[in-house]
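Student: Could you show me how to read helix packing and strand neighbours in a model like this one? I would like the general idea, then the case at hand.

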Amino acid sequence: MPADDTAQPASTIVDAYLDGIEETAAAGAAATHNLQNAQATAARDVQDAQDTAVGDLQDAQSTAVHDVQDTQAVAAHNAQDAQTAATAGVLGSVARAAASTSRAVASGGAAVAVTFADVEAMTTSIQSLNLLVAPMIGTVAALAVDPDLLESLVLSPLTGANAEAAALRAATRLTTQLVVTESLALVTASVVTTYQLADSALQVSAAALGGGVSVGGSVVGGAVTVAGTSIHGAGDVAGATASGAWDVAGAAGTGVRGFASAAASGAGSVAGVAVTGAENVAGAAASGAGGVAAAQADLAVTMVTGVGVAAGLAGALSASFKMGFLQETAETWAGALMAAADEFQEDPIGVLRTRGIPLAVGVGVSFFENFSLSDVSANSAANVGALIGATGPYFDDIVGMIIHDGQTLGMFNDGEATLGDSGLSDEAIDERAIFASRESRRLTGDDVEITTDGETGQVKPTDVASLLVSASQIDATGKADFAEIRIFHSQAEKLDAEGNAVLDAQNNPVIEHAYTVQIPSTQVWNPLAGAVPNDLTADLLAVHGDQTALMDAVFDAMEKEGIPTGLGAPPVMTTGFSLGGITAAAMAADPRGYNIQQVVTAGSPISEMAIPDGVDVTALAADEDLVAVATGGQNPERWTTVGGSGSHLTGESDSTPMHALNVHNANRYAVMASENPEINNDPNITGYFAGDVTVNDYHASRK
């Protein structure tokens, strides 16, 4: 038989794979060379930008020193003018620094609003100014104990006391301004440092991820790192930064294109042999390496940001409480001086006869009689709110980082909530409701009129005070077992202007429907989300403006209740205490077709909620309640906001201090509502309880 021609063996997958590796390595080497050139160019740009930034900062500091020295000169002549000038100097210097930064950015043509370096420069300016303002406090305060002034007290107690009070007030304002600006600098510096560290951690992780996948990936990761360094280093001079960034971007683009071309060629060779096998192998490798690197990146950022944010906020809170105590001390002392001086002026002989004690002793007695721990708490809460508000857009970022970091560690995972059985018998639920209403009666006494259903014990509100008692009841009913969502359905005859019933075409009274949806407050503080949707996870997500499982469950309850939506739908009022109020406000901002016309909250931080202008809002917020100021800012003027010191419950004396640990209480807010009849009996609210009112409770749990 003739010999068969022997064909050349076909190219194997191994040969194709080796060809691809060689081509990829060559592309990686070329990209690395391009990257090194880009790094050198970027380094020069960064150095030039840093030199320019140092010069700008020195000029700004010189200007700030001059401003503060002028202010000190004014302070030597007039304490009140010194305080005003010092404040203006601080704000003016910061404004100039901001303007200088804006000009630098604009001249470079960059689209970056504020960089890390900008904020750090402003923080440094604030702290430098504080070092110069601090000595003024001692100078002004020393006026109050000046020997000549003290001697004048003997001849003219009124004039001397007034001068002492003025000096103390001026020193207090200077100290307050110092603490506020120092706290703001602390928060700002902490957040910026945290972002920089987190950004660096992400860049390192990105480089590691690139190395785990391929050589080309490492090149891209390195380019990202260099670009990031260039941008941060040249933050004050955007032009140089943009130049460096474009150089690096060009090099990175060249490297990526080279890698892509080589990879495409290699992939084509592999595809000619076994496309499916290559895809499976590549997919598995990328998924495995990417998953590990991503997890490492998240963990690194979590450790960095968690420590940074915690340290910054702890320092700011500590400063706020110290400042609250200082404010109350200075205000009470100044008031005591003024009161003693006025009393002496009106009847100097009588004061000497009845007291027979020096004026200083009388002032001391008056101080201890009027010093209020409740006012200390109120001042501290106001300071906390002001500091949170001063962080501006950083606040949302801080909360977002906390949520992300927690989720990286398995916390704050909201999931979904569904309506269903409570897991308790009807008798057990009724017992909880009845006990809660009795406890509210004991705590609120005669201040709040409470009406309940005879069988279930459910509170049927007639005003805002009893509505908040109902809020306390649903919390005590659901506890840590489930979220109790309560819906009131009002059916009342429509009346004309004269109070007569309006009749329809069949001569029957026209019935108007209205609904009140009440949402529970936080009952579980475990960061690991469990079965109860009204927990710490819901708090953080709601404050951050995210949808929550609790909110979804409330909308489900409204649907199950049969509340109509769309044009001509009946009015709905959403209400709640604490977390319940946050959710009520969020629902008004996103009503999902329901006709939400009224919101009533107590102890809820809702100032930043985008509630439409057509919705009426009534918010109760005690001065000492830290929760109510948790987002900073002030409620819009068009809302009805009720403030003041927290109300006392039955059995408490008028001297019982209000503070953050006891004021955040639904029953206490019920008493506050009863003490403000203009909102307690507001017809826009009480109209939701007119006519025949039915009550339905829904139980929600996470899946």
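**Reading a helix pair and a strand**

Tutor: Let's start with a contact in this predicted model. From helix α13, residues V464, A465, L468, V469 and S472 meet A666, N667, Y669, A670, A673 and S674 of α17. The residues of this contact divide into eight nonpolar, three polar and no charged.

Student: What describes two packed helices?

Tutor: The angle between their axes and the distance between the axes. Here the axes of α13 (residues 464-478) and α17 (residues 666-674) come within 8 Å and cross at roughly 175°. Angles over 145 degrees count as roughly antiparallel, and α13 and α17 are therefore roughly antiparallel to each other.

Student: Thanks! Now for strand β4: how many of its six residues are buried?

Tutor: Six of the six, with β4 spanning residues 572-577, so the strand is largely enclosed by the rest of the structure. Look at both faces: V572, T574 and G576 point one way, M573, T575 and F577 point the other way, and all are buried.

Student: Which strands do bridges join to β4?

Tutor: Strand β3 (residues 511-519) is joined to β4 by five bridges, and the two run parallel. In that pairing, Y515 stands opposite V572 of β4. Strand β5 (residues 596-602) also runs parallel to β4, with six bridges between them. There, T574 stands opposite V599 of β5.

Student: What do β4, helix α16 and β5 make?

Tutor: A right-handed β-α-β unit, with α16 covering residues 579-589.

Key:
Residues are numbered from 1 along each chain as its sequence is written. This is a predicted model: local features need pLDDT of at least 70, side-chain atom pairs count only at pLDDT 80 or more; totals for chains, interfaces and linings use all residues. Side-chain values use heavy atoms; hydrogens and water are left out. Buried means under 20% relative accessible area, exposed over 50%, partly exposed in between (1.4 Å probe, protein chains only). Helices (H or I, at least four residues) and strands (E, at least two) are DSSP runs, numbered from the N terminus. Two strands pair if DSSP finds at least two bridges between them. A crossover is right-handed if, with the strands pointing away from the viewer, the path from the first strand over the helix to the second runs clockwise. Axes are lines fitted to C-alpha atoms, for helices over the stretch in contact, and angles run from 0 to 180 degrees between N-to-C directions. Angles under 35 degrees count as roughly parallel, over 145 as roughly antiparallel, 65 to 115 as roughly perpendicular and the rest as oblique. Contact means heavy atoms within 4.5 Å. Ala, Val, Leu, Ile, Met, Phe, Trp, Tyr, Cys and Pro count as nonpolar, Asp, Glu, Lys and Arg as charged, and the others, Gly among them, as polar.
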